[in-house]
Amino acid sequence: MDTSLVEIELIEDASKVAAYTAELRSKGETLVCQRCHDATEMIAGVLVIDLTGERWALCGPCWRELPEAPHVI
């Protein structure tokens, strides 16, 4: 098994983001935008690193400021 590979998931579908944030809230956790730290804004996307459980969230306004880039496979 190659241990240098890390699974990363980008959650950007609105219903999946809502389900993911609801799951975290049920565990007493809250996602806040990593960029602006505004806890009042809705989260628009979450990047999850499965190996560590680390996650980065962006609110709608910060998400819309991201430059468009081609998808990398």
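Student: What should I know before we start?
Tutor: This is a predicted model, where local features need pLDDT of at least 70, side-chain atom pairs count only at pLDDT 80 or more, and totals for chains, interfaces and linings use all residues. Residues are numbered from 1 along each chain as its sequence is written, and side-chain values use heavy atoms, with hydrogens and water left out.

Student: How many helices and strands are there in the protein?
Tutor: There are 2 helices and 3 strands. From the N terminus on, they run β-α-β-β-α. Both kinds are DSSP runs, numbered from the N terminus: helices are H or I with at least four residues, strands are E with at least two.

Student: What makes E1 and E2 a pair?
Tutor: Two strands pair if DSSP finds at least two bridges between them. E1 and E2 have 4 bridges, in the antiparallel sense, so they meet the definition. One of the bridges joins Ile11 to Val46 in E2.

Student: How do you know that E2 and E3 pair?
Tutor: E2 and E3 have 6 bridges, again antiparallel. Val48 has Arg55 in E3 as its bridge partner, and Gly45 stands opposite Leu58 in E3. The hairpin of E2 and E3 has 4 residues between the strands, and Gly53 there takes a positive phi near 80 degrees.

Student: Why are E1 and E3 said to stand at the edges?
Tutor: The 3 strands form an open antiparallel sheet in the order E1-E2-E3. Strand E1 (8-11) and strand E3 (54-59) each have a single partner strand, so one side of each is left without a neighbour in the sheet. Neighbouring strands are turned by 10 degrees against each other on average, direction ignored.

Student: Where does H1 lie?
Tutor: H1 lies across E1, E2 and E3, at about 70 degrees to E2. Axes are lines fitted to C-alpha atoms, for helices over the stretch in contact, and angles run from 0 to 180 degrees between N-to-C directions.

Student: Why is Thr21 called buried?
Tutor: Buried means under 20% relative accessible area, exposed over 50%, and partly exposed in between (1.4 Å probe, protein chains only). Thr21 has 12% relative accessibility, so Thr21 counts as buried. Thr21 sits in helix H1. Leaving aside neighbours within four places in sequence, Thr21 is in contact with Leu31 and Ile43. Contact means heavy atoms within 4.5 Å.

Student: Is His37 buried or exposed, and why?
Tutor: His37 is at 58% relative accessibility, so His37 counts as exposed. His37 is in the loop between H1 and E2. Phi of His37 is near 60 degrees, a positive value in a residue other than glycine.

Student: What makes E2 largely enclosed by the rest of the structure?
Tutor: 5 of the 7 residues of E2 are buried, so E2 is largely enclosed. In the protein, buried residues make up 23% of the 73 residues.

Student: How do you know where empty space is left?
Tutor: A probe the size of a water molecule is rolled over the atoms. On a 1 Å grid over the protein atoms alone, a cavity is a set of points where a 1.4 Å probe fits but cannot get out; a pocket is an open set with protein on both sides within 12 Å along at least five of seven lines. Lining residues have an atom within 4 Å of a point. Grid points are joined across faces, edges and corners, and a volume is the space filled by probe spheres set on the points.

Student: What space lies in the second largest pocket?
Tutor: About 310 Å³. Of its 17 lining residues, the closest to the centre are Val17, Thr21, Arg25, Met42 and Ile43. H1 gives the most to the lining, with 6 residues.
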